[in-house]
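Open the model in your viewer and keep the selection panel at hand. The tour goes stop by stop: what to select, then what is there.

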Amino acid sequence: MKQILILLLLFPSVGFSDNFELLCKGEEAKYLDGNPSSKEVITKVIGIQLYEEGMRLDGEWFDNKSDLTEDYLLERSYVKSKDNIIAARKFSTNTLIEGREIQTIKIDKVEINILTNDIFWTHEFNRVDKTNTEAKNIYAFRKSFKGACK
């Protein structure tokens, strides 16, 4: 049983020899936009799997592909140099709820300094009522993570 478990753990590294994983520890601040009293700061550890063509950061995939359907738009970017990694993703969708046009937008931006192993990640989530000519913000959530990786 132990041999099978060890083989399963080693198998991904055999197929992706140029890839590696990082664990990053830092502070995550969460708050509702426009409501400073809602701010909560915690210490958190996140995992990052780095690949030549992209990365998976805390469950979110970043690469250079986009996806457009009649239901949503997903745009992603991933640039890796010898000094840093800059990645972003933007997800947006429009829905009709009780006669109101509601737009949901989720934006993630990540910067990893490879030389210092520092990471900065911001996450924005917005829900907007676009029924009238002037858009009305329904809900805006922000999260940022700043830490160091090993």
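Buried means under 20% relative accessible area, exposed means over 50%, and partly exposed is in between. Keep that cut-off in mind, and keep in mind that this is a predicted model.

**Stop 1: S92**

Select S92. The residue lies in strand β7. Is S92 buried or exposed? Its relative accessibility is 14%, so S92 counts as buried. Now show what surrounds S92. Leaving aside residues up to four places away in sequence, S92 touches Y72, L73, T104 and I105.

**Stop 2: the whole chain**

Zoom out and color by secondary structure. The protein chain has one helix and 10 strands. Along the sequence the pattern reads α-β-β-β-β-β-β-β-β-β-β. Of the 150 residues in the chain, 31% are buried. Take the contacts between residues at least 6 apart in sequence: 43% of them join residues at least 24 apart.

**Stop 3: the core**

Hide the surface. Select C24, I48, M55, L57, V110 and I119. The largest nonpolar core has 17 residues, and these six touch the most other members. Which strands supply at least two residues each? They are β1, β2 (35-50), β3 (55-57), β7 (84-97), β8 (100-113), β9 and β10. Strand β2 gives the largest share of this core, three residues.

Center on L57. Not counting residues up to four places away in sequence, L57 touches I46, G47, I48, F62, V110, I119 and W121. Two of the names from the previous selection to look for here are V110 and I119.

**Stop 4**

**Stop 5: the salt bridges around E28**

Show charged side chains. The count of salt bridges is nine. Select E28, K30, K44, D58 and K143. These residues are linked in a network of salt bridges.

Start with E28. Its relative accessible area is 2%, so E28 is buried. The side chain of E28 meets that of K30 in a salt bridge, 3.8 Å from N to O. K30 has a relative accessible area of 28%, so K30 is partly exposed.

K143 is buried, as is E28.

**Stop 6: D129 and R100**

Select D129 and R100. They form a salt bridge, with the closest N and O atoms 3.6 Å apart. D129 lies in strand β9 and R100 in strand β8, so the pair ties together parts that are 29 residues apart in sequence. R100 has 38% relative accessibility, so R100 counts as partly exposed.

**Stop 7: A135**

Where is A135? A135 sits in the loop between β9 (118-129) and β10. Its relative accessible area is 48%, so A135 is partly exposed. Beyond residues up to four places away in sequence, A135 touches V128, D129 and K130. Now draw a C-alpha distance from A135 to E101. The two are 34 residues apart in sequence and 9.9 Å apart in space.

**Stop 8: a nonpolar patch**

Bring the surface back. Select L32, I138 and Y139. Together they make a nonpolar surface patch of about 230 Å². I138 is placed in strand β10 (residues 136-149). With 41% relative accessibility, I138 counts as partly exposed.

Notes:
Residues numbered from 1 in each chain as written. Predicted model: local features only at pLDDT ≥ 70, side-chain atom pairs only at ≥ 80, totals over all residues. Heavy atoms only, no water. Patch = residues over 30% accessible without salt bridge, like charges linked within 9 Å, V, L, I, M, F, W, Y side chains within 5 Å. Areas by Shrake-Rupley, 256 points an atom, 1.4 Å probe, with all protein chains shown as cover. Salt bridge = Lys/Arg side-chain N within 4 Å of Asp/Glu carboxyl O. Helix = DSSP H or I, 4+ residues; strand = E, 2+ residues; numbered from the N terminus. Buried < 20%, exposed > 50% of the residue type's maximum accessible area, 1.4 Å probe, protein only. Contact = heavy atoms within 4.5 Å. Core = buried A, V, L, I, M, F, W, Y, C linked by side-chain atoms within 4.5 Å.
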